[in-house]
Amino acid sequence: YIETGLEAIDNYIGGGYPGRLYITGAASNDGKSALLTDIAYNVAISDEYLFDKNKKPIPNRKPHKVGFITLEMSAKEVVHRFVQIETGIDPIRLEQGKVTEKEIKEFEKSIAFMDSKKENLIFEDTPEMNISQLRQKIRKMVAEGCDFFIVDQLQQIQPMQSMANLSRHVIYDFITYRLKAFCREFNVPIFLAHQLNRSADQSQNKTSELSLANLNEGGERAA
């Protein structure tokens, strides 16, 4: 298995096991992409993932090559989020060029550090891919050494043309089943972002009331 570097998640699921699909479900603007970006950063880039506070190697930890399939953001936006993790610089200010000289130096240092780790990460940000095209991308990335995958997000995966007349519920159910099959076919873990339906946003007590029923038309079998 591959630890995510986030203690709460690793304690709960034990890390990412090859052959398994993990769905990160949350309401809109609740941080699904940010969470998966944190995980990708830990697994592929962060030295803190490899060493403890005393700079000693953590047993059984090694860098992994992450395939980051981002249908929600561009690869550039993901890199800016990595910079935020490294430096604390707000990616919106960075995009607008509203940064101080000190932050520019921190940004340049962060980019140089990530460039030294570039062999551990492959981006794919082609928009509007269908599930067949997604499989081709995953197959290519596995051939290039990727053993850990992020897919952001389910709603951005386009249905096959033959499914045009089916309900979104059936389409999402089919897509999640195919993704689970890809996990087994290529023996890799895939972490998938999935937006919860509107009832999750309207819930007054999200912690106690969120359930599989809130998965936005994804079908019970997506879990």
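1. Y22 is buried. F191 is buried as well. Keep in mind that the model is predicted.

2. How do the rings of Y22 and F191 pair? A search of the whole structure turns up 6 aromatic pairs. In the pair of Y22 and F191, the ring centres lie 4.7 Å apart and the planes meet at 15 degrees, so the pair is stacked. The cut-off behind that label is planes under 30 degrees apart.

3. Now place the two rings in the chain. Y22 belongs to strand 1 (residues 21-26), and F191 belongs to strand 5 (residues 190-195). The pair therefore ties together parts that are 169 residues apart in sequence.

4. Other aromatic residues form a cluster. Its members are Y41, F68, F82 and F123, linked by ring pairs.

5. Which residue puts its charged end over the ring of Y17? That residue is R20. The charged end of R20 is 4.6 Å from the centre of the Y17 ring.

6. Next, the cavities. The structure holds 1 cavity of 30 Å³ or more. The volume of the largest cavity is about 30 Å³.

7. Which residues line the largest cavity? The lining includes the run N42, V43, A44, I45 and S46. Y49, L50 and P63 also line the cavity, as do K117 and N120.

8. What is the make-up of that lining by class? The largest cavity is lined by 6 nonpolar, 3 polar and 1 charged residues.

Technical notes. Residues numbered from 1 in each chain as written. Predicted model: local features only at pLDDT ≥ 70, side-chain atom pairs only at ≥ 80, totals over all residues. Heavy atoms only, no water. Phe/Tyr/Trp six-rings, centres within 6.5 Å; stacked < 30°, edge-to-face > 60°. Helix = DSSP H or I, 4+ residues; strand = E, 2+ residues; numbered from the N terminus. Buried < 20%, exposed > 50% of the residue type's maximum accessible area, 1.4 Å probe, protein only. Lys NZ or Arg CZ within 6 Å of the ring centre and 35° of its normal. 1 Å grid on protein atoms, 1.4 Å probe; cavity = no way out; pocket = protein on both sides within 12 Å on 5 of 7 lines; lining within 4 Å. Points joined across faces, edges and corners; volume = space filled by probe spheres on them. Nonpolar A, V, L, I, M, F, W, Y, C, P; charged D, E, K, R; others polar.
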